[in-house]
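Please look over the structure below.

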Amino acid sequence: MQKTYYDPADLKKFGDVAEFGPELADKFFDWYNEVFKEGALTAREKSLIALAVAHAVQCPYCIDAYTSSSLQKGVTEAQMMEAVHVASAIRGGASLVHGVQMMNKAKKLSM
Amino acid sequence: MIKTLQAEHHLLSATEEQVKLLENSIFASGELPTFKETIGKWGQSELRPDKVDIFQVNLGYMCNQTCKHCHVDAGPDRKEIMSRETMQICLKILKENKYHTLDLTGGAPEMNPDFRWFVTEAKLAGVQEIIVRSNLTIILANPKFRDLPQFFKDHGIRLVSSLPFYLPEKTDRQRGAGVFKKSIEALQILNAAGYGRENGLIIDLVYNPGGAFLPADQEGLERDFKKELKNQYDVDFNNLLAITNLPISRFLDFLVRTDNFEDYMDTLVRAFNPATLTGIMCKNTLSIGWDGYIYDCDFNQMLGLKVNHPVSHIRDFDGETINRREIVVNQHCYGCTAGAGSSCQGTVA
């Protein structure tokens, strides 16, 4: 029986999701590959955004993939860590900003 | 400075141990296809050379640096060096076969005491292009090397020099503390001599990844290198060659030690690009070891895989039949066929 929900080897099997639904998978991977091509943003910038988002959504597969991809594209370790802090700041900020909602409610209810 | 595998009496300093590792592991279990199986799927049961254009000669394994990824396991403690007698045979072959390019590599080829003699004689022999794979820092390593830029210029040498990254920390991590600073200083001296700035004085830089991942797009890297080196250090160069790290010697040791070997081989296999097969360097290159043995490429040389030909030493060289040999391949060849491909001249597809 599998002991963990996540297996690093599964990352390489990502394409296998087509087995249970080829049409949607094909559409997804076409779009996905198009997204990461050089455009108004460079492929390196896109890798770094993906790395930050991977941390925000806490996807171990994506962290694995976009750490490698960022290194490959010449992103430095310092830049990668700053990107992770940006993601974390947004996540932290997203919670903290709701404090205003809490304060509004508390103030409304209180005499 | 780190020690060579040979000085450490490391198991992987034995070429047969490296080959064993490449042949067994995940390839023996069938988890990954062997290189031979993969090219077979693309209709090439074997690889054969086209025509030799590049005669690559390794002048010895001695080097003033001990880079972490070095597939030669070169370093200051290596004593293997090509003799003048062997160089004379190389010159005879160059004259008789009229090979276009003489490509000198090492170690640091300049450390061979007969380096300048060999270059001068090759020039007199009419070799059209002479490449020296210079590590840059050699120019500053000892006063006797300070006039190398002028020597290079006088002989119209094309320089190919490693600079793994335009940031000091990344380069130093791979090539040793202080190497980036010295490399920049050497580049500035070469620029002042006209290299990278004047017509015909070519200096190409070599990028290789600082770990177990593939190189990025060569064109994009060249753009970044040119911009950063110009802005930060006023350094100019001609082309950037992106080279993949091959699982040989010290880089192989790194892969095994860090538990990256299987994943890296998997990455190379998945990135196999059949379009590279026509342009890989073993199709137009011969590699000569410091002791005169003949190999299909510098990588095969470091794995001790001599040419599959009755004559495997230059003393009995036959320029006709050597072109009809089958190229010796193994799993390290995936390094030259991954993505845009990789060779001593950069990408191939």
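Which hand does the crossing of α2(A) and α4(A) have? The crossing of α2(A) and α4(A) is right-handed. Note that this is a predicted model.

**Helix pairs**

Two packed helices are described by the angle between their axes and the distance between those axes. The table sets out two such pairs.

| Helix pair | Residues | Angle | Axis distance |
|---|---|---|---|
| α2(A) and α4(A) | 43-56 and 77-96 | about 45° | 8 Å |
| α4(B) and α5(B) | 84-97 and 115-124 | about 15° | 10 Å |

Take chain A. Helices α2(A) and α4(A) pack at about 45°, which makes α2(A) oblique to α4(A). On the α2(A) side, the contact uses A:Leu48, A:Leu51, A:Ala52, A:Val53, A:His55 and A:Ala56. On the α4(A) side, the contact residues include A:Met80, A:Ala83, A:Val84, A:Ala87 and A:Ile90. A:Gln79, A:Ser88 and A:Arg91 of α4(A) also take part. By class, the residues of this contact are eleven nonpolar, three polar and one charged.

Now chain B. The angle between α4(B) and α5(B) is about 15°. The two helices are therefore roughly parallel to each other. The crossing of α4(B) and α5(B) is right-handed. B:Arg84, B:Met87, B:Leu91 and B:Leu94 come from α4(B). They meet B:Trp117, B:Phe118, B:Glu121 and B:Ala122 of α5(B). This contact has six nonpolar residues, no polar ones and two charged ones.

**The sheet of chain B**

Chain B has an open sheet of eight strands with mixed pairing. The strand order is β6-β5-β4-β3-β2-β1-β7-β8. Which strands form the edges? They are β6 (240-242) and β8 of chain B, each pairing on one side only.

Strand β7(B) spans residues 285-288. In the strand order, β7 stands between β1 and β8. Strand β1(B), residues 54-58, runs parallel to β7(B), and four bridges join them. One bridge pairs B:Ile54 with B:Thr285 of β7(B). The strands β7(B) and β8(B) form a hairpin with five residues between them. In the turn, B:Gly292 has a positive phi of about 95°.

Are the faces of β7(B) covered or open? Both faces are covered. B:Thr285 and B:Ser287 lie on one side, B:Leu286 and B:Ile288 on the other, and all four are buried. In a regular strand the side chains alternate between the two faces of the sheet.

**An exposed loop residue**

B:Arg324 sits in the loop between α13 (298-302) and α14 (334-337) of chain B. Why does B:Arg324 count as exposed? It has 10 C-beta neighbours inside 10 Å, and a residue is exposed at 12 or fewer. The C-alpha atoms of B:Arg324 and B:Asp296 are separated by 12 Å. These two residues are 28 residues apart along the chain.

**Where the chains touch**

How many residues does each chain give to the contact? Chain B gives eight residues and chain A gives six residues. The side of chain B that touches chain A has six nonpolar residues, one polar residue and one charged residue.

Terms used: Residues numbered from 1 in each chain as written. Chains lettered and ligands numbered in written order. Predicted model: local features only at pLDDT ≥ 70, side-chain atom pairs only at ≥ 80, totals over all residues. Contact = placed C-beta atoms within 7 Å. Nonpolar A, V, L, I, M, F, W, Y, C, P; charged D, E, K, R; others polar. Axes fitted to C-alpha atoms, helices over the stretch in contact; angles between N-to-C directions. Parallel < 35°, antiparallel > 145°, perpendicular 65-115°, else oblique. Left-handed = near helix turned anticlockwise from the far one by under 90°. Buried ≥ 20, exposed ≤ 12 C-beta atoms within 10 Å, placed from the backbone. Pairing = 2+ DSSP bridges.
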